[in-house]
Amino acid sequence: MTRHPAPAPHPAPGLTHGWLHALAAVVAGYAVMVVLAALGLWLAGASELPQGAFLPVIAATVVMAVGGRIGLEGGAGAIAQSDAAVTAVPLSVALAGALVTAYVVVRPLRRHAVVSGDRLLWLFVRTGVLWALVTLLIALGARHTFTVSTGEDFLGDLGDLLGITPTVGFRADVPVTVVAGLLWLAIVLLLAFAVSRRAPLPSRLVPVHSVVRPAARAMVGVLLVYVAVGAVIAVVTAFTRAEPADSFAVVFLGLPNVAWLALGIGMGASWHGSVQGALGVPMPEALAAVLRSGDGDVTLDLASLSERDGRAWWLVVAAVVAMLGAGWATARRAPPGTGHVRNALHLAAASAVAMLLIGVLTRIDAHYGLSLFGIGDPSDTGGLGGSIVLLPNLLPAIGIAALWGVAAGLLGSMATRLLARSRPPR
């Protein structure tokens, strides 16, 4: 009897596909973030930065989008010193990356009703390993040094005469960025599986998912609707201006920063901060005017904003409509038999978490200072420096959001029940 050679061994089923699945999610997520960051920075004029700084600035923007840390420092020996720091999240970049990454991770799994815990864990591990590797590479590229103009003719001429040119360099804090990037990915995947209707989960988590998903999905829908409406307003505004590039730059870099700030202010939350010096402010004129209105810390809320622009009260109307819609959606998707109070509590929890994310993600703390020959103080943002600070009053904002969730959840649940009773029986 003729013996046939044993067939060559094949990889374990699903192993290669699992790595390709994870690689596709990582590449797609980072690719869209790089493209949006490049477009936004190009529209903002960053392509004209000296000494080839454009690509490192793109990398730094992506690093900040995934929660990484960018450190800034500079000077000219003992004669000139500069001090700068920036804490901000370009949420257009971050949101696009989150949506694409979540879609690519979840989409291939939809043909399964359930999935084992081990398979889901290994998918997360593979995605995390590749995500950490790409984050590391981008963080290593997020570094550059370039010269800084003092903005003062006398100091500039004196510095040129003596060959002293102040410099500012930036670089990513690599370990912090990798850890923050992994935390960012974990939150994105957690939210993706929490709100998806067809994402498979281990059978023991299905009952929990049926309870969590309605309110979580409703609040994610509110956040996305605000971004969509903000995009329409921004595009219309851009075309009514002589130079629309700045408006489009905000769309590609920080539209959710403004849109979600509008949601929080409409709900009654407040922020505090200031704008000093010559730093440009990437936000609507009314918001910038409030932050520039005092010598120190000022409060940004509905009252202070309406003093600059009476249309600010429409933010309350928008918040009411959005939250009532969230209450309706939560009740419609809730498991049968869920009571009014339970729906209200679920939406309150989801609203509080959403406001926590809004508060953390919309923080801005950026400053620079410069001294030359002892003139000026690098830690002082006046004269030769500038600053933008915008910080949330977080605990009151979370409480306010929870109250909105309770009210919207109750009204939405009761409206759904009344509508169901009013329908004629089939």
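Trainee: What volume does the largest cavity have?

Mentor: Its volume is about 40 Å³. Keep in mind that this is a predicted model.

Trainee: How do you know that this space counts as a cavity, and how many are there of 30 Å³ or more?

Mentor: A cavity is a set of points where a 1.4 Å probe fits but cannot get out. The count comes to 1 cavity of 30 Å³ or more, and the volume of the largest cavity is about 40 Å³.

Trainee: Which residues line the largest cavity, and which helix gives the most to the lining?

Mentor: The lining consists of M219, L223, L263, M267, S351, A354, M355, I358 and A401. Helix α12 gives the most, with 4 residues. Both α7 (206-239) and α12 (340-361) supply at least two residues each.

Trainee: What makes the lining nonpolar or polar in class?

Mentor: Ala, Leu, Ile and Met are among the types that count as nonpolar. By class, the lining has 8 nonpolar residues, 1 polar residue and no charged ones.

Trainee: What does L95 touch beyond its sequence neighbours?

Mentor: Leaving out residues up to four places away in sequence, L95 touches L224, V227, P256 and W260. Take P256: it is 161 residues from L95 along the chain, yet the two C-alpha atoms are separated by 8.0 Å.

Trainee: Why is α3 described as largely enclosed by the rest of the structure?

Mentor: Because 13 of its 16 residues are buried, α3 is largely enclosed by the rest of the structure. For the protein chain, 45% of the 426 residues count as buried.

Trainee: How do you know that the length of α3 is close to what is expected?

Mentor: The expected span is 1.5 Å times one less than the number of residues. Helix α3 (residues 91-106) has 16 residues and reaches 22 Å from its first C-alpha to its last, close to the 22 Å expected.

Trainee: What makes a group of residues a nonpolar core, and which residues have the most contacts inside the largest one?

Mentor: The members are buried residues of nonpolar types joined through side-chain atoms within 4.5 Å. The largest nonpolar core has 102 residues, and M33, W184, W260, L300 and L305 have the most contacts inside it. Helix α3 gives the most to this core, with 10 residues.

Trainee: Which residues is L305 in contact with?

Mentor: Leaving aside neighbours within four places in sequence, L305 is in contact with I265, A286, L287, V290, L300, A312 and L315.

Conventions:
Residues are numbered from 1 along each chain as its sequence is written. This is a predicted model: local features need pLDDT of at least 70, side-chain atom pairs count only at pLDDT 80 or more; totals for chains, interfaces and linings use all residues. Side-chain values use heavy atoms; hydrogens and water are left out. Buried means under 20% relative accessible area, exposed over 50%, partly exposed in between (1.4 Å probe, protein chains only). On a 1 Å grid over the protein atoms alone, a cavity is a set of points where a 1.4 Å probe fits but cannot get out, and a pocket is an open set with protein on both sides within 12 Å along at least five of seven lines; lining residues have an atom within 4 Å of a point. Grid points are joined across faces, edges and corners, and a volume is the space filled by probe spheres set on the points. Contact means heavy atoms within 4.5 Å.
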